[in-house]
Amino acid sequence: MESAAKKPAAGYRILGEMNKEFSEILTSEACEFIAELSRKFLPQVQEFLKAREIRQQEIKAGKLPDFLPETKNIRESDWKIAGIPSDLQDRRVEITGPVDRKMIINAMNSGAKVFMADFEDSHTPTWENTIQGQLNLQDAINGAIAYESPEGKKYHLNKTGLATLIVRPRGWHLAEKHFLVDGEPILGALFDFGLYFFHNHKKLLAKKTAPYFYLPKLESHKEARVWAEIFAHTERKCGLKKGTIKVTVLIETILAAFEIDEILYELRDYAVGLNCGRWDYIFSFIKKFSNDPKFILPDRAKVAMTSHFLRLYSLLLIKTCHRRGAFAMGGMAAFIPIKNDPAANEEAIANVKADKEREAGDGHDGTWVAHPGLISTAKEVFDRLMPGQNQLARLRDDVNVTAADLLQVPAGEITEAGLRNNIAVSIRYLESWLRGVGCVPIFNLMEDAATAEIARAQIWQWIRHKAKLATGETVTAEMFKKIMDEELEKIRREVGEAKFSAAPYEKAYKFLESLVLSPKFPEFLTLGAYGMLD
């Protein structure tokens, strides 16, 4: 084990278990590399995390978001991003998923143009999951990845037609508690980025690609500026040309939507596009205005991308990206194929098709799917409506978006069925997350941390503001607890007593209760849940 005891000058300490394989990732050189990143950039990250808290208090006091007057010149002046590599010119269908071995092989073989390997919303960041994920990616890049299922089915990479690899590190809010730098946990974002870059950048460049990343949950252009400084430092240290690293930024917070131009500008040497991270965006909308009863959203299922505030956010992203020469990526439809119900499957596929037709028709340059079975549906739509590699020529000068557009609350009912679904999804997802699986199908939808955040956030919001159900009943803590008990009992009957007792359902139940009944809105469910992991 590399540790401060063995190498005190390095100032880092590994608390997670080590084995021979893990030591191949956590070499002294790699650990020193990420420790240096932490020392250099942690103070800046801590500064803007404090700024997030201050901005939240301003919103609570009634200061709603608007486009920044001090950066008006950036929005109005002419500039473009540095450029887009050849293997990212066509991104019509991207598949996303966690960094487990089978997923990586299937995703890279899937026929999608890009695979986003995820250390974030679909990843439970256990030490085992995280380090094994780094090993899996290294093996994939080296062409040495293989997997054999318990049933004896063997998986390996195809010789040709592999998806281009993009890695999403954790958001700034999550630490990696198993790796200390000068006695403090390193930021998960720097841990994930640094280890992947350190071990793989030379091999990627030799294969005529490069280190590509998706950046999650940014809230301002100042946060984007810190990433730009991290990339510049990393490139200088490793003797790489400026702009070798390329990134796509997820616009998945309501505050970032007001700084789309500015975020691209700060990352103009590195950015190749932005993505409509719709589920985290909806969650952010609830979270940022959680104390304001004017911002109560209807049932989760009724908050669709056709809602005015979401449609206009999507159009603003397209217009901004194309003006700057960057790609505008569509978001992920949560529907998945349904094997045993042809009618339900047909409806799900129709919903995905309609969603992708809206995106391609509006001018998006590509889209996300969460399941290989949906690639052909998404590809057919984009092949038909986007015959070229992308739609950068569609400038959408007809689009004009105001602050009021982005803040318009969608109409719709709150129903007992919607409340019950939120509770059931939250319990089932948290149980899965706590046992190390961060992405799971529930009720024929693919749920990850972002979609589960909406579910638990809505329950908190509805109770807090005494929201009315369509029947006229008021949503109360007592109603929540009654339904929660009923849903837990349903799970017990569904899985059987033995499986129920062996899984962390009770732990998920208690954690959900603490989230929902907290007097103050808990910022991220993963913050509290991470403390429950070994």
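View 1. Helix H2, residues 28-60, contains 33 residues and reaches 46 Å from its first C-alpha to its last, close to the 48 Å expected at 1.5 Å a residue, where the expected span is 1.5 Å times one less than the number of residues. Helices (H or I, at least four residues) and strands (E, at least two) are DSSP runs numbered from the N terminus. H2 bends by about 50° at Phe 41, with a proline, Pro 43, following within four residues; the bend is the angle between axes fitted to the seven residues ending at a residue and the seven starting there. After H2 comes Gly 62, whose phi is positive, near 110°. The model is predicted, so local features need pLDDT of at least 70 and side-chain atom pairs count only at pLDDT 80 or more, while totals for chains, interfaces and linings use all residues. Residues are numbered from 1 along each chain as its sequence is written, and side-chain values use heavy atoms, with hydrogens and water left out.

**View 2. Helix H6.** Helix H6 spans residues 188-206, and its 19 residues reach 27 Å from first C-alpha to last, close to the 27 Å expected at 1.5 Å a residue. H6 bends by about 55° at Asn 200. Of the 19 residues in H6, 14 are buried, which leaves the helix mostly covered; buried means under 20% relative accessible area, exposed over 50%, and partly exposed in between (1.4 Å probe, protein chains only). Lys 208, with a positive phi near 65°, follows H6.

**View 3. Aromatic rings.** A search of the whole structure finds 27 aromatic pairs, counting rings of Phe, Tyr and Trp (its six-membered ring) whose centres lie within 6.5 Å, with planes under 30 degrees apart taken as stacked, over 60 as edge-to-face and the rest as tilted. Tyr 147 and Tyr 155 form a tilted pair, 5.7 Å centre to centre with 45° between the planes. Tyr 147 counts as partly exposed because its relative accessibility is 27%, whereas Tyr 155, at 12%, counts as buried. Elsewhere, ring pairs link a cluster that includes Phe 33, Trp 172, Phe 193, Tyr 196, Trp 227 and Tyr 270.

**View 4. Lysines over rings.** Lys 177 lies over the face of Tyr 530, at 4.7 Å from the ring centre, and the charged end of Lys 287 sits over the ring of Phe 524, 3.7 Å from its centre. A charge sits over a ring if NZ of Lys or CZ of Arg is within 6 Å of the ring centre and within 35 degrees of the ring normal.

**View 5. A sheet of three strands.** The open sheet has the order E1-E7-E8 with antiparallel pairing, two strands being paired if DSSP finds at least two bridges between them. Strands E1 (12-14) and E8 (184-187) are the edge strands, each pairing on one side only. E1 and E7 (residues 175-181) pair in the antiparallel sense over three bridges, and Ile 14 stands opposite Phe 179 in E7.

View 6. Lys 217 has a positive phi of about 60° although it is not a glycine, and it is found in the loop between strand E9 (212-215) and helix H7 (221-237). Lys 217 is buried, with a relative accessible area of 5%. Phe 443, also not a glycine, has a positive phi of about 55° and is placed in the loop between strands E14 (440-442) and E15 (445-447). Phe 443 is partly exposed, with a relative accessible area of 44%.
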